[in-house]
Number of protein chains: 2
Amino acid sequence: MFKKIQSLFIGNALKTTELASEKFSVLWGLPVLSSDAISSVAYASEEILRALIPALGIASYVPMMYIAVAITVLLGILVFSYRQTIDSYPHGGGSYIVASENIGKSAGLIAAASLTIDYVLTVAVSICAGVAAITSAFPYLLQYKVELTIVIIGIITIGNLRGMKDSSRLFGIPTYLFILAIIIMIITGIVKVLILGQAPTEVVALKEPIQDLTLVLFLKAFSSGCTALTGVEAVSDGIPNFKDPAQQNAKRVLGLLAVIVFVIFGGVSFLATMYKVSPLPDVTIIAQIAIQVFGNSSIMFFVMQATTAIILIMAANTAFADLPLLLSILARDGYVPRQFASRGKRLSFSNGIVLVAIAASFLVIFFHGETHALIPLYAVGVFLSFSLSQFGMFRKWQKSKEGKWRHKAFINGLGATVTAITCIILAVSKFHDGAWIVLICIPTLVLMMTRIKRHYNKVRDNLKIDKEPSELIIRKKITNHMIVPVQTINKSFIKCLNYALAVGDTVEVYNVKTNDEEAAKLVEKFNKLGIDAPLTIEYSRYRNVNDKLLRYIDKRQDGLKKDEMITIVMPQFVIRKWWHQILHNQTSLFLRQNILKRRNIAIVTLPYIILE
Amino acid sequence: MFKKIQSLFIGNALKTTELASEKFSVLWGLPVLSSDAISSVAYASEEILRALIPALGIASYVPMMYIAVAITVLLGILVFSYRQTIDSYPHGGGSYIVASENIGKSAGLIAAASLTIDYVLTVAVSICAGVAAITSAFPYLLQYKVELTIVIIGIITIGNLRGMKDSSRLFGIPTYLFILAIIIMIITGIVKVLILGQAPTEVVALKEPIQDLTLVLFLKAFSSGCTALTGVEAVSDGIPNFKDPAQQNAKRVLGLLAVIVFVIFGGVSFLATMYKVSPLPDVTIIAQIAIQVFGNSSIMFFVMQATTAIILIMAANTAFADLPLLLSILARDGYVPRQFASRGKRLSFSNGIVLVAIAASFLVIFFHGETHALIPLYAVGVFLSFSLSQFGMFRKWQKSKEGKWRHKAFINGLGATVTAITCIILAVSKFHDGAWIVLICIPTLVLMMTRIKRHYNKVRDNLKIDKEPSELIIRKKITNHMIVPVQTINKSFIKCLNYALAVGDTVEVYNVKTNDEEAAKLVEKFNKLGIDAPLTIEYSRYRNVNDKLLRYIDKRQDGLKKDEMITIVMPQFVIRKWWHQILHNQTSLFLRQNILKRRNIAIVTLPYIILE
């Protein structure tokens, strides 16, 4: 039943040999790896304005353009920095790897924890923003905002569990459509106002500034805008997926990505300034601009909203693919539970996918599906991992001292410094709005990861064979004392007894009585059967049969010599209907767990199938 | 940790020999067995008025007195009927027993199901009514009504899990105080109005009747008042607890109970008529009367409310004791899960107690702690079991045809007929208000009980030894083929292998590979150790190691001869910290369950303790 439903949604199992990843050209690789970065433009301009307008009102647009320039400069620095990462890590240079190798394991774990949190946030933020694009076009869906977001997460989850094929075409077309739509909007908008001279209609009456632009305000707005840079790292992670020359192609994609982000982000910010749009609770900035440029029932408006929603959802999808991959690497290194390392029946890292889905859904519900409420949590982690990765590269050059190492170290050092400063600005200016949550989560995750690693190390040490092979395999016989617990003499007991008699060196039957009458009946039946084993009966005044048996086992174990052991033979009823299970005492499970805590012990379980 | 908390609340374990029940005299037996019946007076009058006043307004009080008389007559009939039950069942004549013996198992089960539902309702209704008595005196507690109810259920649960000692004194004093307080109130109230001639102040302005008294309305109000008769059966259940002559004493208690209910119910109804009280959402009828008679800040008012609350809570406590007892009888007969038959460490039927607590809490939460909302569910079950029990007695006399059987059959027949009619009236008039829930639950429970019985019968038949003893114990050796599954060669594998070599007739090692590299490493290590057993490696294209192993077991089993069997040897890691458990793959549990579905198979589990 469960299996059938699973098959319906997830599809049939795939063979391991079917695991082959598609190689990207520049043209089709760009959309796959850049959806996260490009899509963040959809909310970055809006977030900058949200920070500025309450204080500066009508005077917000000039500082907004400065911030857009600052972020573009930051983007340029990142591109140069990451070009060097691509050169050095042909197999993919995620910040976990770069930081671990060049700074140390702790730095790597901090990067990993930051990335984990940010991937989950990417899913939550992108889908919320995608839903905002949908509800801007269809306002009556606003009331189902959270539900809609969860449904979309569900669909993406199923899609990822099935595993995606031909993803680059699937991603490419909508991404290019989005880029095209937004460029058309930018050009049309500029032409309309600057060339045709149409005056934009003010959407909301903006107030006069109530304060001057302060540094704090500027930094806060700058922090909000930094979300535009999330997703830049994806390219350096994805190098092995490029066609040869892979590194060259990756660098080209990175360059193109920067140009596109520059054009779109700059263009949208400029349009926002020109049309004096202002954040509204129900209609996104991009929707407001599109309404002004194209009219609110034009096809282009709906195309704009649709492609925005799609690219945002694809960005979420990227995180759905990337976090499970990161978790699988961490699992292989022993920092997260091993289960994250194994591929599900459709070859996807299903446990990781389910984790992302649950965590993102939780965030969406907790923050009522509000993009704006989630943004302060976002970006701190991204910039922390940027910084660690760049600092790792800096250390790498510093250690190697080869070729133009000073030049390279300078570039990465600059990247590291700038991103570190940004990270601190982000953490401080957004602290009260939610960044504190991330600042608690990152060290908590790091602690958990080190604890998990420690446990796995312990297990490995415990299991490691440190003796000579010859000492290990004992061919001389272990003397095996079998204890067969009995409550009533029935077929399942007889089955256990027969097994014990066949296998054991000594066999005894053990009973705990809670009243004399039943015990007398048992003895009578036992004697009648002429069982060839001694019967021990103990009385439990407290009716705790299991405790008594455990204490008896301890007593018997005290007298054991070397090469002697005790085996407990127990039946297990196999019942067809699951609900029948609750009709049987579940204490045997507890008993079994407790028996296994002892040494020199084994449990033999004999199934007894109950026919209906 | 859990054990310590448990000990703190529940107390230390008690020996079975400490199980001794107290014998009651008439004086102290009355309060223990009658709290349910007497306490129902606290809400019965109120429920009658609730049915009448919306339709009849000021004209409600005359029909109310008629209904009180009708219910008193019904009580008289019940007393005479139950006196005969007491004579015939000296060991306690609950309706399950009487109906099963004299009508048939199905009738017994219907009675048992009705009683089960009604005991749960007794708890819910009584505690809600008790809380209503408390909140009538302390209105600011109204906002915590549900919470307060749940806390009281919790306290009673803990009390019952601990087991109660000296209960008759504990019960006797508050019951007598309640009776005394209510009699004082009745006398004072009558004296004030009829003798001193004080005119009662109207609490609410009552409206003129908006309709005439119809039969439907009368029956509906009568049904509501029938809750006053719940709990009458308790006496005939409790005969074995009386001092000798037990049956005589029980009959005396039953008679006294009837007199007390008559006086209190009649008196309260009369006072309600005289003072023209009318149901209010926040103040009970009894509280309204007490305020008028004693004044709302007099000590007597608070004494009245306190004793009412206590007797109601004690009534709930009675159900807490009775239902687990009924369940234990049903469990011994195999109609409910066996777990209900065993006494907990404090000798109470702890599973039954916990069940009552959960079910009652659920009802309280679902019905927002409103006594009035729960009443329609109540009483149908009580009267159904009354009727079945009386009809059972009728059949008994009819079959025996001894002595004055016609006379006795007439009395029980009358009881059966009257209660059956009442039951039908209740079911019909309260159907829409909630009785339908009970009418669905009773057959559902009966069905469940028969299914459970059928399953236990199947299990018993499966386990029953039907061969001659000599055929059963096989002393010739079973040929035992051991399979040791391996993933990596480590200490726990070596432990399993050694056990297999010591015990088995043939031993083989089995591995499922998902990639060639790991398999090659395994073979190399395996050969290096010089293990004296063949190694089988199979490749799983779908990475499903467990399925592969299961299929291999099936293949090996196909070739088995008689007296041959397969044993799978598996390690189990014993991990100290519970959270470490999640770091290990849980599929072995699933594997184990599936292996056990096969025949001629055994699993040996060897613990491997991981030291931290």
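This is a predicted model: local features need pLDDT of at least 70, side-chain atom pairs count only at pLDDT 80 or more; totals for chains, interfaces and linings use all residues.
Strand 1 (residues 479-485) and strand 2 (residues 506-513) of chain B run parallel, and I found five bridges joining them.

I got an open sheet of ten strands with mixed pairing, in the order 3(A)-2(A)-1(A)-4(A)-5(A)-5(B)-4(B)-1(B)-2(B)-3(B). Its edges are strand 3 (535-539) of chain A and strand 3 (535-539) of chain B, each of which pairs on one side only. I noted an average twist of 30° from one strand to the next.

On the chain A side I checked what lies across the sheet. Helix 21 (residues 516-529) of chain A lies across strand 2 (506-513) and strand 3 of chain A, and runs at about 180° to strand 3 of chain A.

My last stop was a helix pair. Helix 7 (residues 145-162) and helix 14 (residues 350-366), both of chain A, pack at an angle of about 175° with their axes 10 Å apart. Angles over 145 degrees count as roughly antiparallel, so I logged helix 7 of chain A as roughly antiparallel to helix 14 of chain A. From helix 7 of chain A the contact includes Val146(A), Ile150(A), Ile153(A) and Asn160(A), and from helix 14 of chain A it includes Ile353(A), Ala357(A), Ser361(A) and Val364(A).

Which kinds of residue make up the contact of helix 7 of chain A with helix 14 of chain A? I have ten nonpolar, five polar and no charged.

Definitions and conventions. Residues are numbered from 1 along each chain as its sequence is written. Chains are lettered from A and ligands numbered from 1 in the order in which they are written. Side-chain values use heavy atoms; hydrogens and water are left out. Two strands pair if DSSP finds at least two bridges between them. Helices (H or I, at least four residues) and strands (E, at least two) are DSSP runs, numbered from the N terminus. Axes are lines fitted to C-alpha atoms, for helices over the stretch in contact, and angles run from 0 to 180 degrees between N-to-C directions. Contact means heavy atoms within 4.5 Å. Angles under 35 degrees count as roughly parallel, over 145 as roughly antiparallel, 65 to 115 as roughly perpendicular and the rest as oblique. Ala, Val, Leu, Ile, Met, Phe, Trp, Tyr, Cys and Pro count as nonpolar, Asp, Glu, Lys and Arg as charged, and the others, Gly among them, as polar.
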